[in-house]
Amino acid sequence: MAVVAHGDRRDPGELSRRVVQRRRRSRVRKAGRPSIVWAVPATVYFTLFALLPLGVVVWLSFTSWSGVGAPASVGLRNWTHLFSDPVMRESIWLMLLLTALGVVTQTPVSLLLGVWAAGKGRSRSVLTALYFIPLLMSSAAVAIVWRALLDPNFGLPHQLPWLFGSGDLFGNPADAIGVLTFVGLWQWTPLYTLIYQGATRAIPVSLYEAASIDGAGPVRQFFTITLPQLRNTMITTMILMVIGGMTTFETILILTQGHPGNSTTTSAYYMYSQAFNSFDFGKASAIAVVLVVVATAIGIAITKWSGYDKMTSTQEGV
Amino acid sequence: MVGARKWPRFGAMAVAVLSALVVSACGSSGPAAAGSGGGRGSFEVADYGDANDVLEQTAVNMYNATPEGHKVKAVLQTFPGANYSQKLQTVIGTSEAPSVFFNWGAGSIQSYVKAGLIQPLNSDLQSNPKLKSRFLPVVMNAGKIGSNYYGIPMRGTQPVFLFYNKSVLAKYHLTPPTTWSQLLSEVQTLKAKGLIPIALGGGDQWPELMWIEYVYDRVAGSQLITQALAGDHNVWKSAASRKALADLSQLIKSGAFGKSYDSVKFTTGASTKLLVTGRSAFELMGSWEYSTAQGISPSFAKHDLGYATFPTIPGGAGNATDLVGNTQNYYSVLKRASQQKAIGDFLSEMYKPKFVKKLVSKGWLPTTTNATSYIKSSPSPGFLTWQFDRVKQAGHFQESWDQAWPPAQITPIHDAVGNYFDNQSASSFISAMSALPAG
């Protein structure tokens, strides 16, 4: 003890300060750059359930396999068939069309509803809560309900012939695409409304107060304050809509099964149909690879063009 | 710090758990090991999951109560019916494949037979001759490929008939049509009264196939499909084939099915409801129409539901007694199932009186030789007796095309049929059907 006491000539207070500083630095370092071990579960999960299956799918796209026996290598056959397959080309266009229709219809409706729902008042809260009910239903349930509601002889078309004509909504391409767009709108608008409602409530009230003092009415306030403040939210919801549009599957499976003809066969449904109806897993895998490439390209394009990757704040200077 | 030190251990554990998952997943999809399905003292029976799978549970229970069943148990596994073919195809090449499985006869299992997965039952039929002699020969033969028997009939036979609403026909002084021209004329009468003359679930496509199957049989005779199944593509281009398509086109264009049949489905109950509510007079459907109608209105099924054979088409080569439909469902056995002896015992339950009685009580028409003696105890003895006579007298019983061809051809067949009902393009239909491989 004595040796230590004589040997250490530093001020005890100084020592403790340094220790605390070192600990702080170490904590900051740890908080800023966690150990690589933290990434292991996600990396393992992503490798096993995304990269590995993707690799297998790429390999399967060069084989012929019905699900029975071993896959037989066929070289580029699936790929040459795919590029000369009119159904595949149409399915990509249809996927893009349905996605675009989804964005164009869902964005204005959910934006207006979200801004409206962000306001105060009990009746508004009750109506908003009721309006979110579709969010609680699975896509399969939604599709089954609408198939029954749109039956030409026992559903809405029979009750409202002036609106639906012969009621053959699933018998011609334009109507069938219209039905898919409408059901998507009904099903997904509540989700985006919820997001817009939250984002609108986060806009500082002081902005509106200042605008009111300057004499701006509700419409002017909407276009000059609300809309610009919701820019980032809008980009986020649009990305969700694009992803949702491109992966729409169960609604098509239950409502139209890709009919009439192949007019509602999107690439995702075509992939399923080739794999599980025609048992041609090779061609289905080639379609899957095309889907991955198209979806990745669209994802990268959106983040680049929208400036989403920069995500600058809309409240600078507020 | 203590928490941080735990992370590598946690990471290692996570890797271990995930690796174990992957190893087990790979194991289940890898090459099959001998003795699949069930444990050492059991075997799995895969069944089509629907309201009728209670019948198979009865068969399994009956077998398990026997001395053989005490030694080796049968375990029932039901796959949801809507995706039965897909599930079976996915699982059949793996070690998870069931030892015994439900199917629709030769066409539906041909690719598995080619892959060497299915056990020929010839030796079982030799050691237990009743396994063959207790079933109607026409039905046993539909489970045969080459000289080998691959299926033992289970459930019942399901021919397609022209069902009608008795009250509607009586109201307009009509009788069930026996000829094509009578059908066309009644369609006009009913249409003039504001009805959709014939209910059709075009949204499902297979109800449309029933019309094509019957018209082809009546016009071209049963031989055409037999030849097409043998790989003769030219039959589709024949004059008889074109005549059949022209006749059907005439019926569609006359408005017999209304304007919205593409949006109507049988599977949602909508097409049968048209018949039950009297908004349609006819529906061409499998014998299960009776139980479907019963589900919507028991009194309608009992008093108002009529049934007739498909009309004849004058000048056609087909026999008026020919039937189309699901000839029968079968149990087939996996070659590498380890409990072959026990499975043979299980299959013999299919002709035992107790099981046949159970089938009849559910409204099914068994294809055992002793079926008639039990029909009286069914809830619909009149309909079953009439059906049994039609099957017995049938010159030819054509398996539905989508079951006669291998499962991979179901979509091309349904698409060809759906498109024909939409655009009546004979050339498109002929080229689509000519592209089918041999059945």
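Biologist: Is the crossing of α11(B) and α13(B) left-handed or right-handed?
Modeller: The crossing of α11(B) and α13(B) is right-handed. A crossing counts as right-handed if the near helix is turned clockwise from the far one by less than a right angle, left-handed if anticlockwise. Helices (H or I, at least four residues) and strands (E, at least two) are DSSP runs, numbered from the N terminus.

Biologist: Where do the numbers come from?
Modeller: This is a predicted model, where local features need pLDDT of at least 70 and side-chain atom pairs pLDDT 80 or more, while totals for chains, interfaces and linings use all residues. Residues are numbered from 1 along each chain as its sequence is written, with chains lettered from A and ligands numbered from 1 in the order written.

Biologist: At what angle do α11 and α13 of chain B pack?
Modeller: About 130 degrees, with the axes 9 Å apart. Axes are lines fitted to C-alpha atoms over the stretch in contact, and angles run from 0 to 180 degrees between N-to-C directions.

Biologist: Other topic. Is β9(B) buried or exposed?
Modeller: 5 of its 5 residues, 282-286, are buried, so β9(B) is largely enclosed by the rest of the structure. Buried is 20 or more other C-beta atoms within 10 Å of the residue's own, with C-beta atoms placed from the backbone.

Biologist: Which strands are joined to β9(B)?
Modeller: β7(B), residues 158-165, runs antiparallel to β9(B) with 5 bridges; β8(B), residues 198-199, runs parallel with 2. Pairing needs at least two DSSP bridges. B:Tyr164 stands opposite B:Phe282, and B:Ala199 opposite B:Glu283.

Notes
A residue is buried if 20 or more other C-beta atoms lie within 10 Å of its own, exposed if 12 or fewer, and partly exposed in between; C-beta atoms are placed from the backbone.
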